[in-house]
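Subject: Structure for you to look at

Hello,

Here is the structure I said I would pass on. Please open it first, then read the notes below.

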Amino acid sequence: VFGMVSSNMFLLTQALQSVFTDPQLTDETNNKTGPAFTDLDRMEDFWQYMTDVASPGFYTEQWYNNENVSELGYILFENRLLGAVQIRQKKVRNNSCLVANDFKQEIKFCYNSYAPAYEDTDTFGPCENLNASNCTYDAFKYTPSTSWFGLSTTGQVSVYDQGGFTMTFGSSSAAFATEINQLFEGLWIQRGTRAVLVDFTIYNANLNLFCQVQLLFEFPAVGGLITSSTFRAVKLLRYVQTFDYFVLGCEIFFIIFIIYYTIEEILEIRNFKLAYFKSIMNCLDIIIILLSYICIVFNIYRQVQVNLLLDALLQNDQTQYNDFSFLCYWQYQFNIIISITIFLAWIKVFKYISFNKTMTQLSETLAKCARDISGFAIMFFIIFFAYAQLGYLTFGIQVESFRAFQYSVYTLFLIILGIFDFQSLQQAHRVLGPLFFLTYVFFVFFVLLNMFLAIINDTYVEVKAELRNKKNEFEISDFVKQGYTKMRERLTVKRDRIADIRRALALADLNRDKRLEFDEWRTEMKSRGYAEEEIETIFAKYDFNGDRVLDENEQRALSNDLLRQNDAILREMDELNLSKKNNMPVDNVDEDNERSKSAASQRLQAHEVSVEEYNELAKRLDTMETSVGFVLTKIDNVASKLDAYEKPKNKTNKKGRQSDSRNTTDEMNMESFDE
């Protein structure tokens, strides 16, 4: 999403506005500052604006020291004009409205507000009474739209479609001045003129940004002039810099995920059927997936169309107008759609934190008070729209904020937020203005708004009380504990496995010749439950000469590796215990610190012993463990034999049992001595 926009878009728009909308005209009568673009209100202001502001804005031909620039066709030295600047007029024909019978004798002309049904397409001015094919002045003959995807332009007065009396300006300020003068002398703007649109597109190569600009001059049926402007800075060439290709990789990754989740949602819908749509989060998933597909399709379409347009632009002459309005408009809409998509994705985060009762307060409160709010909303909007109609009908003639019903609604919402213009109401009507304002503030702000807050507050208190006695479905601390337990168990299993292999290494050499044959190793490991492949892998790793026998050096290498692995596991367990200690009560911290200090001192002492001494001690310890194991085995045999002698009760005397016991003990001692 953020690969599509940047702060440079605002800077580019601001720079172009400083050229075309911010400069003020000069009042020629007194040489004082006149109106800016947004304040133009007369037909004469249009011609002065085109001469004094538009001409130097379109054509940057000299540096600040009056030296000529090397390349023409740039705005502010950095922004390349893509093609020529186009001017287009929309007219309505005479008698497009009905004159009242009382004035028909005096008023012979009637020009309605603009609508496609009233549009005038006849030639005029120098080409009056001529066919369009015979007229050599493009600005005075009607040119229909040739675009399949023409966009309408929405002004403050009307909506204007494509086509009109169109002309493209030359590539220099001198040619522009000459053409503007021809239009002025030919009375190009007349009583039937309802709008003049100036369109052009620039490209900033430094930022890889396009900007489609439209300056709209509306001449309403009441007379005068109303201006508005549109600046759409967009990024149409997506893949230029290194970061752009990184974004391309992310987009491919995104498409794969969308396809995966589409399949997943289809399977869920097939399993749950209509019950699937009862969950708001499921519906949110569907909306996000649909919006994502819209963005994907447009992304591909935009890339193809931009390439085609740029190819045509490079082939055409710079005196022709290149229409980027369709692509720029839909790129702007694409940015809006993808912004909504990421907004919904953020809302979806509530789905993953809803296991905690604190995080469900908002949804629980809204769900519980939905019925009360619905009933209250009916009462609120009855009063609210009544005031909106009253304001529009009473003050709409004089107060701009009440000039239409929808603006009246906006104004009343702003009054609730504390934004209002009391003086304009008072000037509109000395009695009804203050009365309207005071009664609205009392009933809507003091009564209805506080009732609304009271409903939500009471419901929130109830939800808070219910959640206080409700246990979380899943605590974050439980998640941490489970992770700690699983990690501890995993490390313990690894440690036990290494200890088991070390014991197997010590016991496998049955003949004590310090040469461990594979059959001895396999027998011992098989008895401990290891798989054949694992037995073979471990043995082959340390059988350096490949003779299927581990000599003393090879056995030492295996033992050293096992010791290193065991030491690494012990360090991991110490780190795990340290991380757990941070979440333990204060009473246990001192005890853990003492354990950590003792463990650290033991490790320091261990480091003071050389590797050879350590290996020798480990070998002796393994031999002792082996001997103790044999002794314990024989003791178990003795105990089992004693149990066998004691089972037949009262059949043998105590002395016989003691004799047998001594004989058995002697045998055990002899065997142990032999071992």
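A term to start with: pLDDT is the predictor's confidence in each residue, on a scale from 0 to 100. You will need it because this is a predicted model, not an experimental one.

Over the chain, pLDDT averages 82, and 85% of the residues score at least 70. Where does pLDDT stay under 50? One such stretch is residues 599-607, for which the model has 1 contact beyond four places in sequence. Another is residues 667-675, with pLDDT below 50 and 3 contacts in the model beyond near neighbours in sequence. Where pLDDT is low, the predicted coordinates should not be read in detail.

Now the chain as a whole. It has 675 residues, and 35% of them count as buried. There are 19 helices and 14 strands. Taking the contacts between residues at least 6 apart in sequence, 63% join residues at least 24 apart.

How many cavities of 30 Å³ or more does a search of the whole structure find? The search finds 1. The largest cavity holds about 30 Å³ of space. Its lining consists of Ser113, Tyr114, Val157, Ser158, Tyr160, Arg194, Phe219, Pro220 and Ala221. By type, the lining of the largest cavity divides into 6 nonpolar residues, 2 polar and 1 charged.

Regards

Methods. Residues are numbered from 1 along each chain as its sequence is written. This is a predicted model: local features need pLDDT of at least 70, side-chain atom pairs count only at pLDDT 80 or more; totals for chains, interfaces and linings use all residues. Side-chain values use heavy atoms; hydrogens and water are left out. Contact means heavy atoms within 4.5 Å. On a 1 Å grid over the protein atoms alone, a cavity is a set of points where a 1.4 Å probe fits but cannot get out, and a pocket is an open set with protein on both sides within 12 Å along at least five of seven lines; lining residues have an atom within 4 Å of a point. Grid points are joined across faces, edges and corners, and a volume is the space filled by probe spheres set on the points. Ala, Val, Leu, Ile, Met, Phe, Trp, Tyr, Cys and Pro count as nonpolar, Asp, Glu, Lys and Arg as charged, and the others, Gly among them, as polar. Helices (H or I, at least four residues) and strands (E, at least two) are DSSP runs, numbered from the N terminus. Buried means under 20% relative accessible area, exposed over 50%, partly exposed in between (1.4 Å probe, protein chains only).
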